[in-house]
Amino acid sequence: FDEQYNLVRGKITLDYLFSLGKIDNNIIGREYYSTMYWSLLYFITEIFPSKYQIEVGHLTNLIFSLGAIFGIGKVSQELFNKKVGNIVFIILFFYPIFFGHMSINSKDTILAFSHVWMLYLILRYLKKQEFKKKANKYLISLGLLAALSTGIQLAFLASQIPTISFILIEIFFLKKIICKNFSRKRFLYDLIKCFLIFYSILILFWIDVHQNILIQPFYIIWEFIFSDFKTGWPFILLNGNYYFSFKDVPPLYFLINFIYKSPEYILLTYLLFLILIINSKNFYKIKFKFFYYKLSFIIFMLIFPNLLMFIIPFPVNDGLRLFLWVLPYYCIIPGLTLYYLIENFSFIKPKITLLVLSLFVIYYLFNFLSITPYHYTYLNILNGKSENRYKKFENDYWATSIGELIKNANFKTDKVIKITTCGFINTTPKHYLKKRPNLNYKFVTHNEADYIIMTNRVSRHHGMLNCFDIFKGNDIATVKRNGLILSVIRKIKAQKS
């Protein structure tokens, strides 16, 4: 649904630009987006036959996602060294939620790409400002990335608060990373230049502000922040608890999701890192210049999403999806932990620790392969018994398992099948049902249906529960991974009004 919606947004903008102002189509919420990425994505998909539109779109998303993984490796190398960068690269590549979104997500992985590369360019600029040609390349790239990401999510620049704070402290106070000949005056000039690049590109693809490019953007941003226009699923299942509104969600929403949805070995590396910081702090100080200064910046980046939700509650849904931009940074501390163990492998304690940790990595990789291709549904052992995990979180929130579900379903009837859905819109199963031309079916309301196609999304039918617990009956098809039911087709009794 989101993919097609975003491509339509991109098409409208390109049609407008190439026709010099003509709009033949409208779409809800269009005014809140500057469609640079989606216009690029639509343009690329149009190069190929229309039947390959989904594949081309997913391949483009994948390229940007891989770019984000490569980018966090470069950031880690810039802050620490190449070996740490390589370790962080591998950790993020196999991080289940990020891996599961790499191809299918045309929003959040792009924000992650922009975020890590913006930080990398900022670090390079601070170190290389004196080289004018290099500095200009960094500024142009920064402006492009800022426009790309802000167009996807107007609130994206708020995620740069830790980086902005770091820049100001570094330039005006501590001066540990900047080059010796760093010029504050030139920095202010470059900042204006970068902003003009960012604003010009943002406005170019933000067609709803063309009538007044100086006032309209800020009016829409204000309206977006304080209006009732919200996106995403309205109800939340978090660690077994239901929430009717995002305003009721615990401020530790991100941390709860991270703890229960991260690989077990990553959680262990955080515990090990705390021990290392206490017992072997000199190792890091010797290996890396200004280590604790850099670590403080990384920690601020990690706690920022939780801190922001304490101060300003904002709409959240789909687990960690909206926080994919920060997940790359959560791989840095595990990278530093593994780096220590590898560098000190000749000593008995690090050797035993690394060997034990390797068993957890092998255990995780087995689970990682077992849930293919639904990696974003990963839940670790802290979630209890597999058969009860559907009550903990909304798992297949994008209904990607519906194709497999319908393909393997046996309705065992030649009559007209009355179908309804719960947890997603009915256009999703319709796409796959077309591939079964021998089925005679029609979509009806819950009250008339004989069969229901479900994920465990939260619904308000007969009380706020997940779909699996609302509609009882006999399952004729399920999609499971590691004992966790992701989706189901269930024969039900018609629901009373």
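Tutor: With -75° about the S-S bond, the link between Cys422 and Cys467 is left-handed. The model is a predicted one, in which local features need pLDDT of at least 70 and side-chain atom pairs count only at pLDDT 80 or more, while totals for chains, interfaces and linings use all residues. Residues are numbered from 1 along each chain as its sequence is written, and side-chain values use heavy atoms, with hydrogens and water left out.

A disulfide is a covalent bond between the sulfur atoms of two cysteines. Here the term is applied to a pair of cysteine sulfur atoms within 2.5 Å, and by this rule the count comes to one disulfide. The sulfur atoms of Cys422 and Cys467 are 2.0 Å apart. This pair links distant parts of the chain, 45 residues apart: Cys422 lies in strand β3 and Cys467 in helix α20 (residues 467-470). Such elements are DSSP runs numbered from the N terminus, with helices (H or I) of at least four residues and strands (E) of at least two.

Both partners can be described by their accessibility. A residue is called buried under 20% relative accessible area, exposed over 50%, and partly exposed in between, using a 1.4 Å probe and protein chains only. Cys422 counts as buried because its relative accessibility is 3%, and Cys467 counts as buried because its value is 0%. Cys179 is in no disulfide, for the nearest cysteine sulfur, that of Cys194, is 17 Å away. Cys194 likewise is in no disulfide, its nearest cysteine sulfur being that of Cys179, 17 Å away. Yet Cys179 is buried, because its relative accessibility is 9%, and Cys194 is buried, because its relative accessible area is 15%.

We now turn to the strand that holds Cys422. Strands of a sheet pair through backbone hydrogen bonds, either parallel or antiparallel. In this model, two strands are said to pair if DSSP finds at least two bridges between them. Strand β3 (residues 417-422) pairs with strand β5 (residues 451-455) in the parallel sense over four bridges, and Thr420 stands opposite Ile452 in β5. Both strands belong to an open sheet of five strands, with the order β4-β3-β5-β9-β8 and mixed pairing. Its edge strands, β4 (441-443) and β8 (473-481), each pair on one side only.
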